[in-house]
Amino acid sequence: QAHHCSKYSGHTVGNPITSDTPTQEVKLTTVPNHKSYSGSSPPDKITLTIHSISVEPGSSLARDSAITQLFVEFQFLNSDYKDLDTFSVKKPAIEDSEPFNFTKVFDFTSSPNARLLLAEMLKTDSPSDGKISFTVVSDPENVEDDCVEVGNAELDLRAVLNEGESLSEMALGVLSLQDEPELVGHLTVSVQLQ
């Protein structure tokens, strides 16, 4: 399924998980001996799941009737990974959520360059490094219209890796891209370390 807007045309999007698709439940787990994934010992795999999106009541996103569909794209390690955007879902009703159930597995055993980038990310002291930035994008129904980025959410992956624990269904605040950011919704994500 392709996005309708020209800015993202040509991107392959994720496949939704249906009731027929087997899924593995992600639970909060602790790595034995609280091993820290730092320096030369990053995990072999990181599985990132974007579960769902909800809209903050009274927010500009909730009030904007022109926005009817949303998808999420994200960047990870400035790498060559593909398919880092979800399929589109309808904008959720207030006090409801829409499921993405988008899962991406990053296998560092088959990508030495990505493993090196991950190890470098864990060593840096820069507060902006080590974060995964999720961008929520409005996908217009009309193919002639442009996509509009409506908000960003961040996950501090370096903190997760240094703790050595997987995260299960954590709600990340989505902030608008205005001069004075406004909370417009929440993304629910999980990170599994393997």
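Helices (H or I, at least four residues) and strands (E, at least two) are DSSP runs, numbered from the N terminus. The model used here is predicted: local features need pLDDT of at least 70, side-chain atom pairs count only at pLDDT 80 or more, and totals for chains, interfaces and linings use all residues. Residues are numbered from 1 along each chain as its sequence is written, and side-chain values use heavy atoms, without hydrogens and water.

**Exercise 1.** Find the strand that holds S138, then decide whether S138 is buried or exposed.

*Solution.* Start with the strand: S138 belongs to β5 (residues 131-138). Next, recall the cut-offs: buried means under 20% relative accessible area, exposed over 50%, and partly exposed in between (1.4 Å probe, protein chains only). With a relative accessible area of 8%, S138 is buried. Finally, look for its contacts (heavy atoms within 4.5 Å). Beyond neighbours within four places in sequence, S138 touches I67, Q69, L70, C147, V148 and V150.

**Exercise 2.** Work out which residues of α2 are buried and what covers them.

*Solution.* First, list the buried ones in α2: A114, L118, A119, M121 and L122. They cover an arc of only 155° around the axis (taken from the directions from the helix axis to the C-beta atoms), so they sit on the same side of α2. On the other side, P112, N113, L116 and K123 are exposed. The cover over the buried residues includes β1 (45-55) and α3 (157-163).

**Exercise 3.** Locate the salt bridge of K131.

*Solution.* A salt bridge needs a side-chain nitrogen of Lys or Arg within 4 Å of a carboxyl oxygen of Asp or Glu. K131 pairs with E154 at 3.9 Å, N to O. K131 lies in β5 and E154 in β6 (residues 148-156), so the pair ties together parts 23 residues apart in sequence.
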